[in-house]
Amino acid sequence: MNIRIGENVFINQGCRLNDIGGIEIGDDVMLGPNVSLLTSGHPVDPARRRTEITSAPIRIGKNVWIGASALIMQGVTIGDDAAVAAGAVVTHDVAARTVVGGVSATVIKSLD
C-alpha cells in the first residue's frame, strides 16, 4: 500500500484513493464525501493511451479541508491549512493557506 495517513484524519464515505503513485495525508485533514485522490492516468497520445500508465504522488499538508466530490489529480501538492471547494478539479499545486475551487480549480482567496 502506498498511502501514509497522519493523525486525526477524517475520511468521509465514498472516497476513492488510487495510490499507484503514492498518497501522503498530513495530520488533521478532512476529506468530504466522495473525494477522489487519483495518482495515475494514461498518456494523451493515442498510440500510447492503452498501453501505458502515468503516475505521480499526491501530497496533502496538515489541517487541509477538501470538500465533497472534489477531484485531486496526480502530482498535486496541497499546502498546509488550504481548503478545496466541493466539486473542484485540482490539477495544479495549491499554496498553503489558500482556498481553491472550480473546474479546473483556481485561487478564490488567500487566508493571510
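**View 1. Glu52 and its salt-bridge partner, Arg48.** Glu52 has a relative accessible area of 33%, so this residue of the predicted model counts as partly exposed. Its partner is Arg48, and the two form a salt bridge whose closest N and O atoms are 3.0 Å apart. Arg48 is partly exposed as well, at 35% relative accessibility. Side chains of opposite charge can pair when their charged atoms come close. The structure holds three salt bridges, and the next view shows others.

**View 2. Arg4, Glu24 and Arg59, joined into one network.** Here salt bridges share partners, and that links Arg4, Glu24 and Arg59 into one network. Start with Arg4 and Glu24: their salt bridge has its closest N and O atoms 3.5 Å apart. Arg4 sits in strand β1 and Glu24 in strand β4 (residues 23-25), so this pair ties together parts that are 20 residues apart in sequence. Now look at Arg59, whose side chain meets that of Glu24 in a salt bridge of 3.8 Å, N to O. This pair also links distant parts of the chain, with Arg59 in strand β9 and Glu24 in strand β4, 35 residues apart. How open are these side chains? Arg4 counts as exposed, at 58% relative accessibility. Arg59 is partly exposed at 37%, and Glu24 is partly exposed with a relative accessible area of 31%.

View 3. If you want a place to start, find Phe10 in strand β2 (residues 10-11). Phe10 counts as partly exposed, because its relative accessibility is 43%.

**View 4. Thr98, a buried residue in strand β15.** Thr98 lies in strand β15, which covers residues 98-101. Buried or exposed? At 6% relative accessibility, Thr98 counts as buried, since the cut-off for that is under 20%. Its side chain has backbone oxygens to meet: the one of Ala95 is reached at 3.2 Å, and the one of Ala96 lies 3.1 Å from a polar atom of the Thr98 side chain. Leaving aside neighbours within four places in sequence, Thr98 is in contact with Ala82, Ala83, Val107, Lys109 and Leu111.

**View 5. Strand β15 and the strands beside it.** In a regular strand the side chains alternate between the two faces of the sheet. You can follow this along β15: Thr98 and Val100 point one way, Val99 and Gly101 point the other way, and all are buried. Strand β13 (residues 83-84) pairs with β15 in the parallel sense over two bridges, and Val84 has Val100 in β15 as its bridge partner. Strand β16 (residues 106-110) pairs with β15 too, this time in the antiparallel sense and over four bridges. In that pairing, Thr98 stands opposite Ser110 in β16. Together β15 and β16 form a hairpin with four residues between them. Check Gly102 in the turn, which has a positive phi of about 105 degrees.

View 6. Thr91 is found in the loop between β14 (89-90) and β15. This residue is partly exposed, with a relative accessible area of 36%. Which residues does Thr91 touch, not counting those up to four places away in sequence? They are Met73, Val76 and Ser104. With Ser104 there is also a polar contact of 2.9 Å between the two side chains. Asp81 is another story: Thr91 and Asp81 are ten residues apart in sequence and 18 Å apart in space, C-alpha to C-alpha.

Methods. Residues numbered from 1 in each chain as written. Predicted model: local features only at pLDDT ≥ 70, side-chain atom pairs only at ≥ 80, totals over all residues. Heavy atoms only, no water. Buried < 20%, exposed > 50% of the residue type's maximum accessible area, 1.4 Å probe, protein only. Salt bridge = Lys/Arg side-chain N within 4 Å of Asp/Glu carboxyl O. Polar contact = N/O pair within 3.5 Å; in protein donor to acceptor, adjacent residues only side chain to side chain. Contact = heavy atoms within 4.5 Å. Pairing = 2+ DSSP bridges.
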